[in-house]
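I opened my notebook today to look up a few things in a protein structure, one entry at a time. Here is what I wrote down, in the order I went.

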Amino acid sequence: YPEIALEIKDAHSDESMDNTYDFYFTLRDMLPENEDIDSIVTHRDSLKLIVPKDYKMNDISFENLQNEKFILLSENISPILYMEIMDIFRTCHLSPTIISYDSVKALMVAVGAGLGITVLPQELLKMQTFKDVKVIDIDALETDITYAMAYKKENSNPASQLFLDIVKNLSDEELDEEYDI
């Protein structure tokens, strides 16, 4: 649909769904409980441990990271992601030193400079190339996070239905069934 223009805005979690946009992509756990809003699960991602490129540790498991500084996206910027990481810490009985940043780019520069390590969704890492870090799978822990697209059930924009149909065709139907959406 080449004649339809899209406006894309990166909104922070403290900005609620208003009437400005037709669709909102977010973590599934961030969806507001509202009878006027529907959603489609779009995909699932997993959290990864990100360390400096020259990081040396024989056994990289969360239980062995108690003395590490963790650089995380601030709770204000991404409260659900922050909560997911805190759950991992609780599961592993960790209470590490935490430094908060308000941008992924600043966070990754800090990790690359050796100021600490972090945990981020794998898909977020694909958006930019960071040469000074390495990505490590988090073994033995459930680190999946689910994303969804939210939209108002009543929408008078005819282009919205076209977009909604495309997203429905591309979404993960198995996840929709799993979450009974």
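**Entry: S160.** I started with S160, which lies in helix α4, residues 158–170. Helices here are DSSP runs of H or I with at least four residues, strands are runs of E with at least two, and both are numbered from the N terminus. Is S160 buried or exposed? I found S160 buried, at 5% relative accessibility. (Buried means under 20% relative accessible area, exposed over 50%, and partly exposed in between, using a 1.4 Å probe and protein chains only.) I then listed the contacts of S160, leaving aside neighbours within four places in sequence: D22, F23 and N155. A contact means heavy atoms within 4.5 Å.

**A note on the model.** I reminded myself that this is a predicted model, in which local features need pLDDT of at least 70 and side-chain atom pairs count only at pLDDT 80 or more, while totals for chains, interfaces and linings use all residues. Residues are numbered from 1 along each chain as its sequence is written, and side-chain values use heavy atoms, with hydrogens and water left out.

**Entry: aromatic pairs.** F23 had come up beside S160, so I looked at rings next, because rings of Phe, Tyr and Trp (its six-membered ring) pair if their centres lie within 6.5 Å; planes under 30 degrees apart count as stacked, over 60 as edge-to-face and the rest as tilted. How many aromatic pairs are there? I noted five aromatic pairs. One of them joins Y21 and Y24 edge-to-face, with 6.3 Å from centre to centre and 85 degrees between the planes. Both Y21 and Y24 are buried. Another pair, F23 with Y151, is tilted, at 6.2 Å centre to centre and 50 degrees between the planes. This pair links distant parts of the chain: F23 sits in strand β1 (residues 23–27) and Y151 in strand β7 (residues 144–152), 128 residues apart. F23 is buried at 16% relative accessible area, and Y151 is buried at 8%. I also saw that ring pairs link F23, F25, Y151 and F163 into a cluster.

**Entry: nonpolar cores.** A nonpolar core is a set of buried Ala, Val, Leu, Ile, Met, Phe, Trp, Tyr and Cys residues joined through side-chain atoms within 4.5 Å. Which residues have the most contacts inside the largest core? They are L49, F62 and F70, in a core of 35 residues. I wrote down the elements that each supply at least two residues of this core: β2 (37–52), β3 (69–73), α1, α2 (104–112), β5 (118–121), β6 (133–137) and β7. The largest share, seven residues, comes from α1. Looking at F70, and not counting residues up to four places away in sequence, I found that it touches several residues, among them L49, F62, F89 and I99. There is also a second, separate core of six residues, which includes F23, M149, Y151 and L164.

**Entry: salt bridges.** I searched the whole structure and got three salt bridges. (A salt bridge is a side-chain nitrogen of Lys or Arg within 4 Å of a carboxyl oxygen of Asp or Glu.)

- R44 pairs with D144, the closest N and O atoms being 4.0 Å apart. R44 is in strand β2 and D144 in strand β7, 100 residues apart. R44 is partly exposed at 33%, and D144 is partly exposed at 34%.
- D137 and K48 meet at 2.4 Å, N to O. D137 is in strand β6 and K48 in strand β2, 89 residues apart. D137 is partly exposed at 47%, whereas K48 is buried at 10%.
- D87 and R90 meet at 2.5 Å, N to O. Both lie in helix α1, three residues apart, about one turn of the helix. D87 is partly exposed at 31%, whereas R90 is exposed at 52%.

**Entry: H93.** Most residues other than glycine have a negative phi. H93 is not a glycine, yet I noted a positive phi of about 55 degrees for it. Where is H93 found? H93 is in the loop between α1 (79–91) and β4 (97–101). H93 counts as exposed, at 71% relative accessibility.
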